[in-house]
Amino acid sequence: YDVCSCCGFEFGNDDEPGTADGVTFKEFLLDWIKGGQVWFDKNKKPPQWSLGKQIENIKVAPSDIGLE
């Protein structure tokens with residue numbers, strides 16, 4: 001399984017009913033953001049990391065991921 005070092009989402013586990021609650025990545029991401037964006041692997045967090053810059057870099061509108 002691949003686990004995101006940033007938010008801790010485990011693809012193939014967190015999104016599969018029966019192994020976990022079966023939430024979508026978007027639902028998981030919104031909960032992670034609301035929970036303070038605590039990195040799953042703090043050793044991999046870039047020193048100047050910013051959620052706002054990350055969203056800009058992936059070219060999505062904040063509203064596309066549930067942020068208003």
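Guide: One term before we start: a residue counts as exposed when its relative accessible area is over 50%, and as buried when it is under 20%. Also, this is a predicted model.

Visitor: Fine. Which exposed residues sit on the face of α1 turned away from its buried side?
Guide: D31 and K34.

Visitor: And which residues of α1 are buried?
Guide: L29, L30, W32 and I33. Viewed down the axis of α1, they fall within an arc of 160°, so they line one face of the helix.

Visitor: What do the buried residues of α1 pack against?
Guide: They pack against α2.

Visitor: What follows α1?
Guide: G36 comes after the helix, and its phi is positive, near 105°.

Visitor: Step back a bit. What's the order of elements from the N terminus?
Guide: The chain runs β-β-α-α. That is two helices and two strands.

Visitor: How many residues are in the largest nonpolar core?
Guide: There are 10. They are C6, C7, F9, L29, W32, I33, W39, W49, L51 and I55. Two elements, α1 (25–34) and α2 (51–57), each give two or more residues to this core. The largest share, three residues, comes from α1.

Visitor: What percentage of the chain is buried?
Guide: Buried residues make up 22% of its 68 residues. The accessible surface comes to about 5,000 Å², and 51% of that belongs to carbon and sulfur atoms.

Visitor: New topic: aromatics. How many aromatic pairs are there in the whole structure?
Guide: A search finds six. One of them is F9 with F25, with ring centres 5.1 Å apart and planes at 80°, so this pair is edge-to-face.

Visitor: Where do F9 and F25 lie?
Guide: F9 is in the loop between β1 (2–3) and β2 (10–11), while F25 is in helix α1. The pair therefore ties together parts that are 16 residues apart in sequence.

Visitor: Is F9 buried or exposed?
Guide: Buried, with a relative accessible area of 0%. F25 counts as partly exposed, at 35% relative accessibility.

Visitor: What about W39 and W49, how are their rings arranged?
Guide: Their centres are 5.4 Å apart and their planes lie at 80°, so that pair is edge-to-face as well. W39 and W49 both lie in the loop between α1 and α2, so the pair ties together parts 10 residues apart in sequence.

Visitor: Are those two tryptophans buried or exposed?
Guide: W39 counts as buried at 8% relative accessibility. W49 is buried too, with a relative accessible area of 19%, against a cut-off of under 20%.

Visitor: Which residues form the aromatic cluster?
Guide: F9, F11, F25 and F28 form one cluster.

Notes. Residues numbered from 1 in each chain as written. Predicted model: local features only at pLDDT ≥ 70, side-chain atom pairs only at ≥ 80, totals over all residues. Heavy atoms only, no water. Core = buried A, V, L, I, M, F, W, Y, C linked by side-chain atoms within 4.5 Å. Buried < 20%, exposed > 50% of the residue type's maximum accessible area, 1.4 Å probe, protein only. Helix = DSSP H or I, 4+ residues; strand = E, 2+ residues; numbered from the N terminus. Areas by Shrake-Rupley, 256 points an atom, 1.4 Å probe, with all protein chains shown as cover. Arc of directions from axis to C-beta. Contact = heavy atoms within 4.5 Å. Phe/Tyr/Trp six-rings, centres within 6.5 Å; stacked < 30°, edge-to-face > 60°.
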